[in-house]
Amino acid sequence: MPDRLRTMTQLKEQRLKPAEGQQPVALLRKYRRGHGWGHFPLYDPADAAEMRPLSAKQQAAMTAQRTCPECGQVRGYVVHRMCQECADREQQQRLELQRRTCMWCRRVSPTPHPVSASLKGRRGECVPCWLHRVIRRQLEEEPLVVWRRTCPGRDCHKVTATDEEVAAGTWRGPRWCSPCAERDEQERAERERERREAEERAVEARRREVEALEGWARDILADPDTAILDMETTGLHDEARIVDLGVTGAAGDVLVDTLINPGEPIPPDATDMHKITDAEVATAPSFGAVLDKLAAVLHGRRCVIYNRAFDVARPRYELTVHYRQTGHEGPEGAADSWLGKARFEDAMVPYSDFCLQVVGIRPLPPAAGPDPDAAVGGRGRQPRGIPGRARIDRGRGQHPGHPSGGHVAAAGLGDPHGHRTGPRHPRRRARAKAPAGTDGP
Ligand SMILES: [Zn+2]
Ligand SMILES: [Zn+2]
Ligand SMILES: [Zn+2]
């Protein structure tokens, strides 16, 4: 924009106004804060007309408006707080004071403080602060320097860096002195030996535990008094009824294998698990009807079950119901005394221990409910001939041949998760239950 051109406001300050018919010669585009972009017509003052002269009063008011309260000078513009010259001077003074103020202690000195190159800032520090800072840094670095030159061995203070190495700058970190290095080597070897010994002890302990468990299983399988009991129920609750009972001997000989009419509908969930339907049990005997048969094979014998808490609670409940229905005076006591004639042994914990020791994994615990079958949810996807084959067996009143107990047990144990994912049938279940080794009886 040519210097001589003026906006309307600038013309007014010179007591000028556009002459009659005078057109702006240009447009000034300008950004003003709070207003945005604006366009201001520019006039040539040479063509402008003089404004009417001001009265003395107007003249005085205008002068007052343009007088700087700081310096008393009359400026060519309206002065608000101070004139531009005064504002610039004030800014200069502020910067100069800043340069004379210490950045740490804020002390002001008559001359500007030196600015340390290490402090990349624009502000200076006084001499006491500078000294304090430098000394503190040295104190902090000193231990590091000592550490880097000293043997790191325990209670050793030998300096292992030579002056030449330090001077040459080739020294990087702490180095062991030879006695410390030797001792460290020995201690490491000692720790390694202890670790190995502990490992061997653990292996031995594991071997012994497995041996004991295998012995337990062999004992059970060899015992002619062993009876293995398995059952299916209408659910996992306290009043669940038995719908299927199986008892085998240790060799897998079927002693009892019968469906039971629970006297109530089997919930669909339970049927999903064991595939036994209401129709199938409709003509089956009640629990009370098989009680004598059951007593004959359980009483006085060693009765192996899987998950004692549940598998003993079911017959106890059935017995209590039975004795109550038959008008027995103390049904609970009678149930307990009936159960007391058999020696119950839980295969779940030994089997679980065995799996842990042999394959390092415990079978899934029946944590969700008392019945591990249900917890594992495995019966439903049984490959066995269920329930058809079981029924055929039952119908024929005999059992097909089967491998020896030991072999069966080993096969069952081969699957770490196999605890009762497989067999519902007592014969089959014996495999999963009896943790005998591959070298079984
Ligand atoms: Zn001023
Ligand atoms: Zn200072
Ligand atoms: Zn040392």
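**Notes on a predicted model**

1. Arg 15 sits in the loop that runs between helix 1 (8-13) and strand 1 (16-17). The model is a predicted one, and in it the phi angle of Arg 15 is near 60 degrees, a positive value in a residue other than glycine. Arg 15 has 13 other C-beta atoms within 10 Å, and is therefore partly exposed.

2. Asp 155 also has a phi value to note: near 55 degrees, again positive in a residue that is not glycine. Its place is the loop between helix 4 (127-149) and helix 5 (163-168). Is Asp 155 buried or exposed? Asp 155 counts as exposed, because it has 5 C-beta neighbours inside 10 Å, and a residue with 12 or fewer is put in that class.

3. On the whole protein: it has 16 helices and 9 strands. Of its 441 residues, 25% count as buried. Among contacts between residues at least 6 apart in sequence, 59% join residues at least 24 apart.

4. Trp 104 is in the loop between helix 3 (84-100) and helix 4. It counts as partly exposed because 15 C-beta neighbours lie inside 10 Å. Leaving aside neighbours within four places in sequence, Trp 104 is in contact with Glu 125 and Cys 129. Between Trp 104 and Gly 124, which are 20 residues apart in sequence, the C-alpha to C-alpha distance is 8.8 Å.

5. An unreviewed UniProt entry places the feature "coiled-coil region" at residues 181-209. What does the model have there, helix or strand? The span is 100% helix and 0% strand, and its end C-alpha atoms lie 42 Å apart.

6. The largest nonpolar core has 33 residues. Which of them touch the most other members? They are Leu 229, Val 243, Ile 260, Cys 303 and Val 304. At least two residues of this core come from each of several elements, including the helices 6 (178-222), 7 (268-274), 9 (291-298) and 12 (348-359). Strand 5 (226-233), strand 6 (242-249) and strand 8 (302-305) each supply at least two as well.

7. Cys 303 deserves a separate point. With neighbours within four places in sequence left aside, Cys 303 is in contact with Ala 227 and Leu 229, with Leu 298, and with the residues Ala 342, Arg 343, Phe 344 and Glu 345. One of these partners, Leu 229, is also listed with Cys 303 among the core residues that touch the most other members.

Definitions and conventions: Residues are numbered from 1 along each chain as its sequence is written. Chains are lettered from A and ligands numbered from 1 in the order in which they are written. This is a predicted model: local features need pLDDT of at least 70, side-chain atom pairs count only at pLDDT 80 or more; totals for chains, interfaces and linings use all residues. Helices (H or I, at least four residues) and strands (E, at least two) are DSSP runs, numbered from the N terminus. A residue is buried if 20 or more other C-beta atoms lie within 10 Å of its own, exposed if 12 or fewer, and partly exposed in between; C-beta atoms are placed from the backbone. Two residues are in contact if their C-beta atoms, placed from the backbone, lie within 7 Å. UniProt positions are given in the numbering used here, feature names are shortened, and annotations may be inferred rather than shown by experiment. A nonpolar core is a set of buried Ala, Val, Leu, Ile, Met, Phe, Trp, Tyr and Cys residues joined through C-beta atoms within 7 Å.
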